[in-house]
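Open the model in your viewer and keep the selection tool at hand.

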Amino acid sequence: MESELGKKIIYQIYPRSFYDSDHDGIGDLRGIIAKVPYLKKLHIDMIWFNPFFVSPQKDNGYDIADYYQIDSRFGTMADFEELVAELHKNKIDVMLDMVFNHCSTRHPWFQKALAGDKYYQRFFYLRSAKPDGSLPTNWQSKFGGPAWSRFGHTDKYYLHLYAPAQADLDWHNPAVRQEAAKIVNFWRKKGVKGFRFDVFNVTGKAEQLVDSTDRNTEKQLYTDTPVVHRYLRELNHNSFGQDPTIITVGEMSSTTVENSIKYTQPKNHELSMIFTFHHLKVDYRQGNKWDSVPFDFLQLKKLLFEWQTALDQAQGWNALFWNNHDQPRALNRFGDPIHYREKSAEVLATAIQLLRGTPFIYQGEEIGMTDPNYQQITDYEDIETINAYHELLAAGRTPTQAFNAVKQKSRDNSRTPMQWTNDKFAGFSTVKPWLLPTNQATINVADELKNGEIFAYYQQLFKLRKTEKLVYQGHIKPLWQDHPQVMGYLRYLDQQQLLVITNFYGQATTIKLPAAFAAAKSQILLSNYQRQQLPTNKLTLAPFEALVLKLNSSSFF
């Protein structure tokens, strides 16, 4: 299974931002069907779709009111079935997003609970106020404010780690776990071959909830606790584990290497792989997302390689990614979108795509899309962004300071419409879209396919992923770990070695090659500068140069 997972390439589509076929400013399923020929060009194996289930859209679909129906703004069940069939014709499978930590307060479960149904009240964390009248615990919502809201007109409160419209489900209740398995099995019957489990490792809250004593460590009270493994094994056994070809990935915030191994070791029957986020916090000042600093390159490498080597040694498995719908564009964070947009996009792609694991790419990454250049807070839609802006103002930041903080880190940075053409609305829609694009005149699919180099470079990377055993099955050894500009590593297997070298900066730099590569002729498999000359023992890398070398040799490192 490891080698099969290693060959897979998964593309993420944020449906409301991909393509609008019915001219209402929101992307839809028929829009995705229309773009299947484009998706086929990329040679991807599976598409992860963010939720398009019935939802009030308080958190862009992550507040689900019906897990079994398509929200009418995205289309119909017939549209979904046609989309699955069309993708299967082109050998592309479907991965759906399962949001099981919480559901919408408009979901029938919550509405029945509000109406007094004791059975459904046990689906949620309902607690009384403390004797002094204060909230059940002092926990904070991840979107700002208290994590508790009044449960209707009762004297109880319900827990919501995210928005008040997203009530946390109580996984201690076997009925909740049975409903989750039932939902997975429903979509399996529809031909779905992959499942991504949203914020799954916060399902492991204790039955007795206690106050936090330190805001910085509060999440440890409910994140990545031992019971999560039991929940996953049970869900695996009762649903997706019944089909060994199904691929699963868990979103595991603030997880540990030890737990990541347990989640993904095949013998544990939990998940195929996990998303971890530590490497995407290296531009936070003291862990604060809204207080940005230049990214710490040495820390970035350290974190990536820590997970890579540990999971390699223990037969665990990584999901590899820079971008998703919750992150600003990696090109703005770790590259140079102004002076070296193409080359830095290719360096980022090379560095992450050739690691050990299964690569995910997010829509627009393959054409080098960047963050939008918004000028005012009203340009944003994201609930987390807007709440953070107002909290920063309340904390004493000026409007300019608060805006600049959210402009760098807003989740909406990655949610702007896919830029198909240089038209007013980027060829995404004929009407004003729900979020505006800002630089489609210079970055769009039409121009990229005609004149660009990033899309073609991704195609070459994907070919390597699918055909080179060293990439899809090899082990990993980090190199140049203390180098201030270069991220490099060996992939090795059966006396063969593949060397990946990337310069993350806009200045040239010189490195010494590993002895085996310096002593023998190696083959250039990929270069974003079309380098023809094979390197000697010393190699000078151009700004944002990526180079992949292969050596067939019994001379091992």
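Predicted model: local features only at pLDDT ≥ 70, side-chain atom pairs only at ≥ 80, totals over all residues.

Residues are numbered from 1 along each chain as its sequence is written, and side-chain values use heavy atoms, with hydrogens and water left out.

**Cavities**

Select Thr 276, His 279, Leu 304, Trp 307 and Asn 318, which lie nearest the centre of the largest cavity among its 14 lining residues. A cavity is a set of points on a 1 Å grid over the protein atoms alone where a 1.4 Å probe fits but cannot get out, and lining residues have an atom within 4 Å of a point. Its volume is about 120 Å³, counted as the space filled by probe spheres set on the points, with grid points joined across faces, edges and corners. Colour α10 next: this helix gives four residues, the largest share of the lining. Helices (H or I, at least four residues) and strands (E, at least two) are DSSP runs, numbered from the N terminus.

Move to the second largest cavity, with about 100 Å³ of space. Its lining includes Trp 322, Arg 329, Leu 348, Glu 365 and Tyr 458. α11 (330–334) and α12 (341–353) each supply at least two of the lining residues.

**Helix α12**

Stay on α12 and show its surface. How many of its 13 residues are buried? The count is 12, where buried means under 20% relative accessible area, exposed over 50% and partly exposed in between (1.4 Å probe, protein chains only). Among the buried residues are Arg 341, Lys 343 and Glu 346.

**Salt bridges**

The whole structure holds 33 salt bridges, each a side-chain nitrogen of Lys or Arg within 4 Å of a carboxyl oxygen of Asp or Glu. Select Lys 190 and Glu 81, paired at 2.6 Å, N to O. Lys 190 sits in the loop between α7 (174–189) and β11 (194–197) and Glu 81 in helix α4 (residues 77–89), 109 residues apart. Lys 190 is partly exposed at 25% relative accessibility, and Glu 81 is partly exposed at 37%.

Now select Asp 382 and Arg 411, which meet at 2.7 Å, N to O. Asp 382 is buried at 2% relative accessibility, and Arg 411 is buried at 6%.

Methods: 1 Å grid on protein atoms, 1.4 Å probe; cavity = no way out; pocket = protein on both sides within 12 Å on 5 of 7 lines; lining within 4 Å.
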